[in-house]
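Hi,

Here is the structure I promised to pass on to you. Have a look at it first, and then read my notes below.

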Amino acid sequence: MLRRLAPVLLVVMLLGAFGWTLYFLYERSKDKPTVFEVTTPTMSAIIKKTVAAGAIVPRKEIAIKSRVSGIISELFVKPGDVVKKDGSLARIKIIPNVVTLNNAEASVASSKISFENAKRERERYKSLLADGVLSQTDFNRYQVEYELREQELASATSNLSLIKDGAARGAGRISNEVTSTVPGTVIEVPVKEGSSVIESNNFNEGTTIAAVADMKDMLFQGTVDESEIGKLKEGMPVDISIGAIEGKRFKGTLEYISPKGLAKEGTIEFEVKAAIQLDASFFIRANYSANADIILDRREHVLTIEESLLTFEKGKPFVEVEVGPQRFEKRAVTLGLSDGVNVEVLSGVGLTTKLKKPLAAGGNPAKRPRGH
């Protein structure tokens, strides 16, 4: 009996295994239904802005030049020192021109001879005046000649002193001492003791001894691409972030837009400047790198959605609204301001409306972003 049933049981088992295999393959071949994630609009701010890259610089930075040529013999300041107007910065040892020095020395020698001669003449005629041989009127001519030669000698001596030392004796003029023309902070001293310097004149701007700036009055200076410059106007609010100061943003106001663009790496850029409101708790150094967000437009506490939720048909925006479990219908919306990521919705959906999120790459539902 068992021998008769064995072949039958084997055939039944084989047929059962074959049937189960077909069912398993059929189930594997069936597409699983796609489950779409949904999100809802939020109330937030939309800020449309353009970014300018640049640096923080002093509004007034003055380069103090040398008025004479020579060698730096003494420096009185270093970067970071605060100086007053007319405060001493450096002293220069003058190296005079040989020809000019020779002429000045010859002029002193000639003036001294003339003065000594006038002095002898004056003394001789002074004795004649005392004896009554010479009138006072005639004597006055020799007295005037003596005073003229005396003044000539003093002028020649002073000129020689200026050429050799940079200072006029008795006149208080010191041309070899460099002083600051403005009060402020010394931010740069590009020379060292022993360095040669050239005087500032009509043909040469001269050697910079120091740069002095008011560190309490700073501004942002940067550039904006020509595609954005038409959207800017003076007086726009600016939000400035400084690379060296993390977690702190400074308010500012756009106050200058260059009328001329400059070519840079194949593009045209325009210079912009913005006044910055300093915080006394931070010391802002010159030439800190910074980025300025120039606020083009702003909407506070408005209904917003992600731009990725939108589809467009014939130029009109639509979203897909959930009307039942995993059932969606298209709905037209009216849009407002956009910042490139989120967009303001004026009509078409509400705060509780559930919106279909698009599929991510590979056909999987997009992951829900943080905050939803």
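The largest nonpolar core in this predicted model has 27 residues, and Ile56, Phe220, Leu232, Ile240, Ile242 and Val272 have the most contacts inside it. A nonpolar core here is a set of buried Ala, Val, Leu, Ile, Met, Phe, Trp, Tyr and Cys residues joined through side-chain atoms within 4.5 Å; buried means under 20% relative accessible area, exposed over 50%, and partly exposed in between (1.4 Å probe, protein chains only). Among the elements giving two or more residues to this core are strand S2 (42-58) and strand S11 (218-225), while the largest share, 5 residues, comes from S15. Strands are DSSP runs of E with at least two residues, numbered from the N terminus. A second, separate core of 17 residues includes Val68 and Ile94.

Asp239 is buried, because its relative accessible area is 15%. Its side chain makes a polar contact of 2.7 Å with that of Arg249. Such a contact is a pair of N or O atoms within 3.5 Å; within protein, one must be able to donate a hydrogen and the other to accept it, and residues adjacent in sequence count only if both atoms are side-chain atoms.

Some notes on reading this: residues are numbered from 1 along each chain as its sequence is written, and side-chain values use heavy atoms, leaving out hydrogens and water. As the model is predicted, local features need pLDDT of at least 70 and side-chain atom pairs count only at pLDDT 80 or more, whereas totals for chains, interfaces and linings use all residues.

Enjoy exploring!

How values were computed:
Helix = DSSP H or I, 4+ residues; strand = E, 2+ residues; numbered from the N terminus.
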